[in-house]
Amino acid sequence: MNNPNTGNSLSTVTCHLFPVTSSDDYVNIASLNQYSYCPHRCWRIHCAGEFIDNQYTIEGTSLHERVHTVGEVNRDETWQIRAIYLKSDQYQLIGKSDLIEFENGEFYPIEYKRGRKGEWDNDELQVCAQALCLEEMTGKNINTGYIYYAQTHQRKLVEITPELRASTIATIEAVQMLLFTGAMPKAVKTKRCDGCSLYSQCLPQAVDKVSRYQEAN
C-alpha cells in the first residue's frame, strides 16, 4: 500500500497530525481512563498532583517508553505511525497516541496496555477519545480501534459505536467539571482498588468505616 502521501517522506495527513501544541485548558486523553477507573484516583492525580508508582505503573511506563519512538513505517499493506500528539478543539482533548495505523483508506488508533484483557471499559474510552481526535484532524470517520495487550501479545477490537461515543463524551465533560471545580470525589472501595498505586493515600475502607460510624451516631 502507498502511504497517504503525494510524494513527501511525511504524508500530508502526517503533517496535519504532528503540529499539535499543549494547552492547559484541554483535557488529557489519559485522564479519561483514570476517571472511568476511579474518579477519586483521577482527582488525586490531576487535581492534587499526587502519584505513586507500583509494579503495574512501572511496567506500564516501561512499555510506553518502548512504544513512544516517533516515526512512520510501512508493514506489508499497513502504514504505521507512532507517538504523535492528537488534539480535538471540539472536545478540548489532547494526548499522545501509542500507534496509528492506516490501511485501505482507514485510520485505526491502537492503545498499548501492559497486562492481559482488561475487566473494565476505561481502555475502550481512551481508544474512542483518540478516534474523536483523529476524526477532527483527518476529516475521516473512525469506526474501529484496537487495544494491544503486551502480556498476551493480542489485540482487542474496539468498535466505536454511538453508545461508546456518548459514554466517552460524558466522561470528557465529567473530567472537565472535575478540573474546573476541584471538588474531590468520595473514595469508594471496589475491586479496582487492589491494583491501585494510590490505595494507601485514599484508604477507601477507612473512609467507609468512618462514614458508617458517623451515621450510627
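Guide: One definition before we start: axes are lines fitted to C-alpha atoms, for helices over the stretch in contact, and angles run from 0 to 180 degrees between N-to-C directions. Bear in mind that this is a predicted model, where local features need pLDDT of at least 70 and side-chain atom pairs pLDDT 80 or more, while totals for chains, interfaces and linings use all residues. Residues are numbered from 1 along each chain as its sequence is written, and side-chain values use heavy atoms, with hydrogens and water left out.

Visitor: What makes a stretch a helix or a strand here, and how many are there in the chain?
Guide: They are DSSP runs numbered from the N terminus: helices are H or I over at least four residues, strands are E over at least two. By that rule the chain has eight helices and nine strands.

Visitor: Why are α2 and α3 called oblique to each other?
Guide: The axes of α2 (residues 29-37) and α3 (residues 39-46) come within 5 Å and cross at roughly 140 degrees. Under 35 degrees counts as roughly parallel, over 145 as roughly antiparallel, 65 to 115 as roughly perpendicular, and the rest as oblique. So α2 and α3 are oblique.

Visitor: Which residues make that contact?
Guide: Contact means heavy atoms within 4.5 Å. From α2 you get S31, Q34, Y35 and Y37, and from α3 P39, R41, C42, I45 and H46. They divide into five nonpolar, three polar and one charged; Ala, Val, Leu, Ile, Met, Phe, Trp, Tyr, Cys and Pro count as nonpolar, Asp, Glu, Lys and Arg as charged, and the others, Gly among them, as polar.

Visitor: What angle do α5 and α6 make, and what is that called?
Guide: α5 and α6 (residues 162-181) pack at about 90 degrees, with their axes 9 Å apart. That makes α5 roughly perpendicular to α6. Residues in the contact include L125, C128 and L132 of α5 and L164, I169 and I172 of α6. By class, this contact has seven nonpolar, three polar and three charged residues.

Visitor: How do you know that β1 and β4 are edge strands?
Guide: Two strands pair if DSSP finds at least two bridges between them. The open sheet of three strands has the order β1-β5-β4, with mixed pairing, and β1 (27-28) and β4 (85-88) each pair on one side only. β4 is joined to β5 (residues 93-96) by four bridges, and these two run antiparallel; L86 stands opposite G95 in β5. Helix α5 (residues 122-138) lies across β4 and β5, at about 75 degrees to β4.

Visitor: Why is S88 called buried?
Guide: Buried means under 20% relative accessible area, exposed over 50%, and partly exposed in between (1.4 Å probe, protein chains only). S88, in strand β4, has a relative accessible area of 0%, so S88 is buried. Leaving aside residues up to four places away in sequence, S88 touches Y26, L93, C133 and E136.

Visitor: What makes β3 largely enclosed by the rest of the structure?
Guide: Four of the five residues of β3 (residues 78-82) are buried, so that strand is largely enclosed. Four bridges join β3 to β6 (residues 99-103), and the two run antiparallel, with Q80 opposite E101 in β6.

Visitor: And what makes α3 mostly covered?
Guide: Six of the eight residues of α3 are buried, namely H40, R41, C42, W43, R44 and I45. Across the chain of 217 residues, 42% count as buried.
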